[in-house]
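Dear colleague,

I am handing over the structure that we spoke about, with the sequence alongside. Please look through it first, and then read the notes that follow.

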Amino acid sequence: MAKGQILITGGTGYIGSHAAIELIQAGYKVKILDNLYNSKITVLDQIEKITGVRPEFYEVDIRDAVELAKVFEKNSFDTVMHFAGLKAVGESVKQPLRYYENNVGGTINLLECMEEYGVDNIVFSSSATVYGDQGEKKCSEEMETGRGLTNPYGRTKYMIEEILKDTAVANPKFRAVILRYFNPIGAHQSGLLGENPNDKPNNLMPFIMKVATGEIPELTVFGNDYDTKDGTCRRDYIHVVDLAKGHVAAVEKIDEGEQVKVYNLGSGEGTSVLEMVKAFSEASGKALPHKIVGRRAGDLAVICADPGKAERELGWKVELSIAEAMQDTLRYLGMEVEG
Ligand code: NAD
Ligand code: WQD
């Protein structure tokens, strides 16, 4: 597709900001919309330092239909890349309505606005969580989704995927690429941009980062009695820059093939929590204090992608290693890289 104008919702967030960089560098004109709930306006300075381009920014909440419409009124977008959403699994269990309202309600607002202003293309940030428990099997796109999901966050992703499919049935011009991310980690190679949540962290890497900077004394490893090589859970970690490049590949193919296309973005390789600790220690040249505690409720032993479809159809695959993700994370933290 021609290099058009892209609206990035959630574009000051962790993944959206990295996608903005790759899209700008690939020649797209990018505008960013975010309510800054979980990100900082200074991210725009970093995007500008890296790309030489400062994307226009709208501080708007996707739930605010009136303000959202003003953004569409002023622009003529070809595609929306929709990252905006709440993502804390545990919090979603405690505040389900807030998650449904923000993620599902916000997406409905966005889709209505797109319809009103004739914007037909969307790339959506979905998650491996929609697969539920597939046991030891690698998750592939044709597997059943939505069954046995353990939390409202995951259900919002599943519901939005279904809403996109229904929208495509009703509007033959509508095209969607659903990207199911596995576990994004790492930072931009420049060290200028990385994961910096406003809220307290939930995921493994932000905890490792807090241990490395001394903000918390040690990492708690949730369980070493799983049926895996070293007893700790295995996940498919993917460098955020690889993930961002997957979005460029997706938008370039949005006009081809089926109206709604679904792709896993993962490496196809599982890494255990203890292997992650080791990889970080090797990159920093220092031991990372950690202790084993009990299992975390809802964790599955192994979650891993079959990334074959993205490689076949998008020509995309992971290029960066976990070691590189750890080194880039250290650079982002302003710490020395050893390994
Ligand atoms: P993030 O929190 O860093 O970014 C999300 C951004 O959306 C934030 O800047 C936040 O302020 C903004 N936002 C939230 N609600 C909004 C609203 N109502 N209106 C406008 N802006 C709003 O998270 P991320 O890690 O960059 O994730 C981006 C997307 O990818 C999310 O949809 C998330 O569910 C999905 N995802 C993330 C992961 C992961 O592990 N990080 C994995 C799979 C899927
Ligand atoms: C990874 C591994 C933990 C923290 C979640 C969502 C998923 C997707 C990605 C959005 C697990 C272990 C963690 C800690 C630990 N997000 N861990 N100590 O649970 O695979 O996936 O984020 O869509 O939907 O569920 O990621 O980073 O929380 O955990 O031992 O302090 O690290 O048990 O094995 P998870 P995570």
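Predicted model: local features only at pLDDT ≥ 70, side-chain atom pairs only at ≥ 80, totals over all residues.

Residues are numbered from 1 along each chain as its sequence is written, chains are lettered from A and ligands numbered from 1 in the order in which they are written, and side-chain values use heavy atoms, with hydrogens and water left out.

Helix 8

The buried residues of helix 8 include Val-240, Leu-243, His-247 and Val-251, and Asp-242 is among them too. Helix 8 covers residues 240-252, and its 13 residues should span 18 Å at 1.5 Å a residue, which agrees with the 19 Å between its end C-alpha atoms. The expected span is 1.5 Å times one less than the number of residues. Helices (H or I, at least four residues) and strands (E, at least two) are DSSP runs, numbered from the N terminus.

Salt bridges

A salt bridge is counted when a side-chain nitrogen of Lys or Arg lies within 4 Å of a carboxyl oxygen of Asp or Glu, and by this rule the count comes to 19. One of them joins Arg-63 to Asp-61, with 2.7 Å between the closest N and O atoms; Arg-63 is partly exposed at 32% relative accessibility, whereas Asp-61 is buried at 18%. Another is formed by the side chains of Lys-210 and Glu-215, at 2.9 Å from N to O, and here Lys-210 is partly exposed with a relative accessible area of 25%, while Glu-215 is exposed at 54%.

The side chains of Glu-218 and Lys-291 also meet in a salt bridge, at 3.3 Å from N to O. This pair links distant parts of the chain, 73 residues apart, since Glu-218 sits in the loop between helix 7 (204-212) and strand 8 (219-222) and Lys-291 sits in strand 13 (residues 290-293). Both partners are partly exposed, Glu-218 at 31% relative accessibility and Lys-291 at 37%.

The C-alpha atoms of Ile-292 and Phe-222 are 6.3 Å apart in space, although the two residues are 70 apart in sequence.

A negative surface patch

Glu-73, Glu-112, Glu-115 and Glu-116 form a negative surface patch. Patches are made of residues with over 30% relative accessible area and no salt bridge, like charges being joined within 9 Å and nonpolar side chains (Val, Leu, Ile, Met, Phe, Trp, Tyr) within 5 Å. Helix 5 (residues 96-116) gives the most to this patch, with three residues. Glu-116 belongs to helix 5 and is exposed, with a relative accessible area of 60%.

Single residues to look at

Leu-36 has a positive phi of about 60° although it is not a glycine. Most residues other than glycine have a negative phi. Leu-36 lies in the loop between strand 2 (29-34) and helix 2 (43-51), and is buried at 18% relative accessibility.

Arg-235 is part of strand 9 (residues 234-235) and is buried, with a relative accessible area of 10%. Its C-alpha atom is separated by 9.3 Å from that of Leu-300, 65 residues apart along the chain.

Pro-217, by contrast, is exposed at 68% relative accessibility, and is found in the loop between helix 7 and strand 8. From C-alpha to C-alpha, Pro-217 and Ile-47 are 32 Å apart in space and 170 residues apart in sequence.

With best regards

Technical notes: Areas by Shrake-Rupley, 256 points an atom, 1.4 Å probe, with all protein chains shown as cover. Lys, Arg positive; Asp, Glu negative; His and termini not counted. Charge placed at Lys NZ, Arg CZ, Asp CG, Glu CD. Buried < 20%, exposed > 50% of the residue type's maximum accessible area, 1.4 Å probe, protein only.
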